[in-house]
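I opened this entry to record what I looked up about pockets and aromatic contacts, in the order in which I went through them.

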Amino acid sequence: MPHLLHLDSSADLTSSRSRALTAEFARAWAARGEGFTTTYRDLHRDPLPHLADSELHWTPADRRPGAQVPADAEALQRTIVEELLAADVLLVGAPLYNYTVPSTLKVWLDNVHVPGLLTGAGTQPLAGRRAVVVSSRGAVYDAGTPTETWDHGVPVLRIILGEAFGMDVEVVQTSITLAHRVPDLAAHAERSDGEFAAARERLAELGATL
């Protein structure tokens, strides 16, 4: 049965565009029938602890001799990794916070990026699986603008999910999400709404077809 791992990380629990967009995908996914199951993690409401020990970045076989990793931290990491391995499709809500991913999402990445387990030579059990990254950005990051290279959120997700894990990553993006709140961005309100509508349509399509 097809299984979805759905992650949200926005700290905005009332008007988040990334949450609205991942929910659009999730609704379309669930509408396909009981066989389309989902594991959901809200990384903001239920944040993961930071890595208790740097040795958690390695498999037990690759850890320093005598390394003592807290058992509860290792068990939690195992659960997080198993959730990802069980997923046919990964859905990530990734708003841009201070030009990168939210810290709660970064902690999840730290837990799953384990050389020799999910990445490394000859070790890519997730290769070919689909990952949908929902990127929401408050301002303008167009090519040719002073801020065109300031988005460091999507690149790190492409590197880890795509390059390291070998997943087929699709980014669905909506920008200028603060157009209705920040006066300096008000002129872009129509574009902001148009991008959001287009993203909703694309995510509904992906949820119904992946």
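I began with the largest pocket of this predicted model, and I found it lined by 21 residues, of which D12, Y97, G138, T177 and L178 lie nearest its centre. I noted a volume of about 560 Å³ for the largest pocket, and I sorted its lining into eight nonpolar, nine polar and four charged residues.

I then turned to the second largest pocket, for which I noted a volume of about 170 Å³. Its lining includes W58, P60, R63, E74 and R78, and I divided the lining residues of this second pocket into six nonpolar, two polar and three charged.

Next I looked up the aromatic pairs, of which the structure holds three. Ring pairs join W29 and F36 with F25 in a cluster.

I listed Y99 and W150 as another edge-to-face pair, at 5.2 Å between the centres and 85° between the planes. This pair links distant parts of the chain, 51 residues apart, with Y99 in the loop between β3 and α3 and W150 in the loop between β4 and α4. Y99 is partly exposed, at a relative accessible area of 37%, and W150 is likewise partly exposed, at 37%.

Last, I looked at R17 and found that it lies over the face of F196, 4.5 Å from the ring centre.

Notes:
Residues are numbered from 1 along each chain as its sequence is written. This is a predicted model: local features need pLDDT of at least 70, side-chain atom pairs count only at pLDDT 80 or more; totals for chains, interfaces and linings use all residues. Side-chain values use heavy atoms; hydrogens and water are left out. On a 1 Å grid over the protein atoms alone, a cavity is a set of points where a 1.4 Å probe fits but cannot get out, and a pocket is an open set with protein on both sides within 12 Å along at least five of seven lines; lining residues have an atom within 4 Å of a point. Grid points are joined across faces, edges and corners, and a volume is the space filled by probe spheres set on the points. Ala, Val, Leu, Ile, Met, Phe, Trp, Tyr, Cys and Pro count as nonpolar, Asp, Glu, Lys and Arg as charged, and the others, Gly among them, as polar. Rings of Phe, Tyr and Trp (its six-membered ring) pair if their centres lie within 6.5 Å; planes under 30 degrees apart count as stacked, over 60 as edge-to-face and the rest as tilted. Helices (H or I, at least four residues) and strands (E, at least two) are DSSP runs, numbered from the N terminus. Buried means under 20% relative accessible area, exposed over 50%, partly exposed in between (1.4 Å probe, protein chains only). A charge sits over a ring if NZ of Lys or CZ of Arg is within 6 Å of the ring centre and within 35 degrees of the ring normal.
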